[in-house]
Amino acid sequence: MSAQQEQRPPAAADDEEEDSPMEDEGDEGEAGENQGQSNSDTLCRTRLPLSRIKALMKSDPDVGITSHEAAFLVCKATEMFIGTLSKLSYTKTHMAKRKTLQKKDVEAVFPDCDEYSFLDGT
């Protein structure tokens, strides 16, 4: 699989599966099995490079060896954090009737959400 295929969003992968010949044959059993596999593949994909996450984790002097599972969970948690922060920041941008997300929009999220209070002042 090429690097370009691995980095495409999950929605693009779902579009290709709809055009597969297995589903055209009407074999629901086979299509159902393949769909289950594609869902697990989609869950295992990350948008951030796992090797970089692992390297960042190893750069901490307190961390010796990192397992693949630990790096994967840190990667997924980081993706979720960035996604949520982006959505909240965009809401601030939209409320200000602007189209460009600015640093002040991201900073405006911190005081409003208790979840991000640990980032206040950074």
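1. Leu-50 itself belongs to helix α5, which covers residues 50–58. This is a predicted model, and the points below should be read with that in mind.

2. Leu-50 can also be placed relative to Lys-76. The two residues are 26 apart along the chain, and their C-alpha atoms lie 9.6 Å from each other.

3. How do the axes of α5 and α6 cross? They come within 9 Å and cross at roughly 105 degrees. Angles of 65 to 115 degrees count as roughly perpendicular, so α5 is roughly perpendicular to α6.

4. On the α5 side, the contact is made by Leu-50, Ile-53, Lys-54 and Met-57. On the α6 side, His-68, Ala-70, Ala-71, Phe-72, Val-74 and Cys-75 take part. Sorted by class, the residues in the contact of α5 with α6 are eight nonpolar, one polar and one charged.

5. Helix α6 (residues 68–95) has the highest mean pLDDT among the elements of the protein, at 94, while helix α3 (residues 21–25) has the lowest, at 40. Over residues 2–33 the pLDDT is below 50, and this stretch has 16 contacts in the model beyond near neighbours in sequence.

6. For the protein overall, the average pLDDT is 75. A score of at least 70 is reached by 64% of the residues.

Technical notes: Residues numbered from 1 in each chain as written. Predicted model: local features only at pLDDT ≥ 70, side-chain atom pairs only at ≥ 80, totals over all residues. Heavy atoms only, no water. Helix = DSSP H or I, 4+ residues; strand = E, 2+ residues; numbered from the N terminus. pLDDT = per-residue confidence, 0-100. Contact = heavy atoms within 4.5 Å. Axes fitted to C-alpha atoms, helices over the stretch in contact; angles between N-to-C directions. Parallel < 35°, antiparallel > 145°, perpendicular 65-115°, else oblique. Nonpolar A, V, L, I, M, F, W, Y, C, P; charged D, E, K, R; others polar.
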